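Student: Could you walk me through how to read some of the features of this model?

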Amino acid sequence: MDTDEHGMKRQSGFIRVYPWLAAITGAALALRLFGLRYGLPAVYNPDEVAIMSRALAFAKGDFNPHNFLYPTLYFYVLFAWEGLTALLTVATRGVASFGAFQREFFVDPTRVYVAGRLLTALLGAATVAATFALARRFAGPIAGIAAAIAVTVSPLHVRDSHYVKHDVPATLLIVLAYLACERLWRVFPGEAGTFETVRTSEVAWAAVLTGLAFSTHYYAIFLAVPLAWSAARRAASPGEALRRVGLAALVSAAIFFLCSPFILVEPATAIRDVQANRQIVVDRAVGTLGYSATLARYGVMLVRDTLGWPFVLCAGAGAIVSMREQPWRTTWLLSFAIPFFFFIASTYPASRYLIPLVPFLAVLAGTYVARIARWNPTAAWIVMPALALQPLVASVRTDLFIRQTDTRTLAAGFIETHVPAGATVLTQPYSVPLEPTADSLREAVRRSGKDTPTKTRFQIARDPYPSPAYRLVHLGRGMDADKLYLPLEALDADPLGSIRAEHVAFVVLKRYNDEAPAMQPLTAALARAGRRLAVFSPYREGAAARPEPFLHNTDARIAAALERSGPIVEIWQLNDPGS
């Protein structure tokens, strides 16, 4: 085999790359589109609700999110994408006007969430192509094809490409930034044997993509390592290296603040939010589990959930081979992934934080497949589908699983047919999606002392009003002006008296394997003075194991014992609801 101008072996005789890439990317998109409407019109992932609400709030004309748990680029892109969705919907007469589009969202948000999830799915499929390009540059076209297949069937990447969340978009930008940095790493000998000069524009472009990634998610800050390394490489002098690194730092910082400008306007708010986020994801992990325990759990998730264990083992072999053959280049490839992994190991375990590592594991796996191809091309053809089988089955199972009706949706159907309209129902956040009565919405606004939210005005104005509707009382505390709340601590002394004071006739409970102690007074009271009407379980009939239910926003896996998403839901009726 001869080589191309970049020193990579031509393997076009073995494979026609781009038709295969198109087919693989198409398969990746199909896996990410299947089941995209799961759960709707109910949205059971609270992260999706918070992210979408923050993005759509820009429609009020204020582009300052006043919240910086995340940088703001993704919110702006999501807002623009939903604006395009509204424009196309009106243009195709899906709704009569932009006002009708807005009203539809507050009544049935299906269209808006499908559009948001579609954006994530498209970006997820684009990550497959970007990973192919990175692996191809690193180890040749065979490595590119194998890496693209690995990302295509990645159970973790497929699952989270169904959500309106930051991790999949951020991962795409991280790979694109690496591609730009890799351009600075390549060696181009000139006719006289000297190396081609690194152009300032190339350094700046790598910095731009790094800034975009950082402005999508803070954890992309670890791209500073490969960016600085790439910018300084082959500099003629230490002074030139410092100038390049300084330029890269300046450009990436400028892009970050250009895409998240209001961090400069409200630095105190940004610091407060970052500290609050650290308390939630870092301090909680260190305080309750300890770093060694979280590191071990992330290690298990890395092997089990990212690419599937066959590809991960192949990636390990690829790392060993690459470190032997090109140690500096391999170290550069991992200069984001390694510090990133040890950082997230200090956070409370959540598999979604591993998504940015998926492309890098795929590149290493592709490197080893390319090594096999050099030894025996036929063996490489056998190895690739063999490696892909287990994660493909897991990804297809994920798609089929999330399409199953959630336990909370099943419970809603039972309540609507067995509980009289207008009854007072005690429920919990992100529980069964029930329709509140117009009177209970007005009552909640009066109690809150706030102005009536736009969403609530649209809900109350519906004619005819949806039926059945219920007077909903939400257990806990909250800030929504359109919800009636019963503080959990009010149940400590006299749970029955507290819920009877709110005229509660029915109670909807979410049950978990590790029941919160604060819920015990209520459950004990219901056992004494109520009767359980129905139970909706996520477990398969006859399943002996009882793994944690899959809730879309926790670290629970889609275990074989689970038939559907959602918690166990119990519906109770008080024996004397007329109080």
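**A guided reading**

Tutor: Let's begin with P41, which sits in the loop between α1 and α2 (46-56). Helices (H or I, at least four residues) and strands (E, at least two) are DSSP runs, numbered from the N terminus. This is a predicted model, in which local features need pLDDT of at least 70 and side-chain atom pairs count only at pLDDT 80 or more, while totals for chains, interfaces and linings use all residues. Residues are numbered from 1 along each chain as its sequence is written, and side-chain values use heavy atoms, leaving out hydrogens and water.

Student: What kind of peptide bond joins L40 and P41?

Tutor: Most peptide bonds are trans. The one between L40 and P41 is cis, with omega about 10°. D463 and P464 are also joined by a cis peptide bond, where omega is about 5°. You will find P464 in the loop between α22 (454-460) and β2 (471-475).

Student: At what angle do α1 and α6 cross?

Tutor: Axes are lines fitted to C-alpha atoms, for helices over the stretch in contact, and angles run from 0 to 180 degrees between N-to-C directions. Helix α1 (residues 17-33) and helix α6 (residues 141-153) cross at roughly 10°, and their axes come within 9 Å. That makes α1 roughly parallel to α6 (under 35 degrees is roughly parallel, over 145 roughly antiparallel, 65 to 115 roughly perpendicular, the rest oblique). Residues making the contact (heavy atoms within 4.5 Å) include W20, L21 and I24 of α1 and I145, A148 and I149 of α6.

Student: How do α18 and α19 pack?

Tutor: Helix α18 (residues 358-375) and helix α19 (residues 377-402) pack at about 150°, their axes 6 Å apart. So α18 is roughly antiparallel to α19. Among the residues in this contact are V369, I372 and W375 of α18 and V383, M384 and L387 of α19.

Student: How many residues does the largest nonpolar core have?

Tutor: A nonpolar core is a set of buried Ala, Val, Leu, Ile, Met, Phe, Trp, Tyr and Cys residues joined through side-chain atoms within 4.5 Å. The largest here has 93 residues, and those with the most contacts inside it are Y298, F311, L333 and L354. Helix α8 (residues 167-185) gives the most to this core, with 13 residues. Apart from it lies another core of 22 residues, including F75, V95, L119 and V164.

Student: Which residues touch F311?

Tutor: Leaving aside neighbours within four places in sequence, F311 is in contact with residues including I149, V153, M384 and L387.

Student: How many disulfides are there?

Tutor: A disulfide is a pair of cysteine sulfur atoms within 2.5 Å. A search of the whole structure finds 0. The sulfur of C259 is 17 Å from the closest cysteine sulfur, in C181, and that is too far for a bond. C181 is buried at 2% relative accessible area, and C259 also counts as buried, at 11% relative accessibility.

Key
Buried < 20%, exposed > 50% of the residue type's maximum accessible area, 1.4 Å probe, protein only.
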